[in-house]
Amino acid sequence: MGALDAKTVLVTGGSSGIGKACVGRYRAEGATVFVADLHPRSSDELALDVGDPAAWAALIESLPPLDVVHLNAGIITPGRMHGEGPTLPLTDVTDDAYRSSMGANVDGVFFGARAVLPSMTERGRGDIVVTASIAGLSGMGGDVVYTTTKHAVVGLVKALGSSLMQQGVDVCVSALCPGFVDTPLI
């Protein structure tokens, strides 16, 4: 028996990188896993713009009750791509790049948690796992906007966990803070 037999899991950003590895691990532990991604790579993956609250509502309505939601989707700041210099100066970040990063990295976590909490609270259990980053624990200057979003995510997880505990809600909220991982993001 796996640790997650008969559990349902949703992983955002699960088509590649850390998300894809987590999908494999959740399945190996016996879970039924739903994969959502902005750009699904197979017919069994679900399309989701994590920064769109209406898309979250529609997705959650279409799925069975979830035991674990892994909010993993994230991006580096557009404009800082492979092979470019070590930093993306703040003055070079466009408004659109800033909004894209905030939408994927912060709004996606906020809207995702808000969408799943009513069902988890009603059932009296659940786990929300958020992929943050070591950038959320230290001041990494290479991508100031990305670092800002990951600090926001760590703060959201801490505040949400504390709030749920004060309310007596038995939903665990955790942040994973990996260092550099060889993924398409890097």
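## Secondary structure

Helices (H or I, at least four residues) and strands (E, at least two) are DSSP runs, numbered from the N terminus. By that rule the protein has four helices and six strands, arranged along the sequence as β-α-β-β-α-β-α-β-α-β.

This is a predicted model, in which local features need pLDDT of at least 70, side-chain atom pairs count only at pLDDT 80 or more, and totals for chains, interfaces and linings use all residues. Residues are numbered from 1 along each chain as its sequence is written, and side-chain values use heavy atoms, leaving out hydrogens and water.

## The sheet

Six strands form an open sheet in the order β3-β2-β1-β4-β5-β6, with parallel pairing (two strands pair if DSSP finds at least two bridges between them).

Strand β1 (residues 8–12) pairs with β4 (residues 68–71) in the parallel sense over three bridges. In this pair, V11 is opposite H70 of β4.

## Helices on the sheet

Helix α2 (residues 53–62) lies across β1, β2 (32–37), β3 and β4, at about 155 degrees to β1. Angles run from 0 to 180 degrees between N-to-C directions, with axes as lines fitted to C-alpha atoms, for helices over the stretch in contact. Contact means heavy atoms within 4.5 Å.

Helix α4 (residues 144–167) packs on the sheet and touches β5 (126–131) and β6, making about 160 degrees with the direction of β6.

## Overall dimensions

Along the principal axes, the C-alpha atoms fill a box of roughly 45 × 40 × 30 Å. Of the 186 residues, 42% count as buried (under 20% relative accessible area, with a 1.4 Å probe and protein chains only).

Definitions and conventions
Buried means under 20% relative accessible area, exposed over 50%, partly exposed in between (1.4 Å probe, protein chains only).
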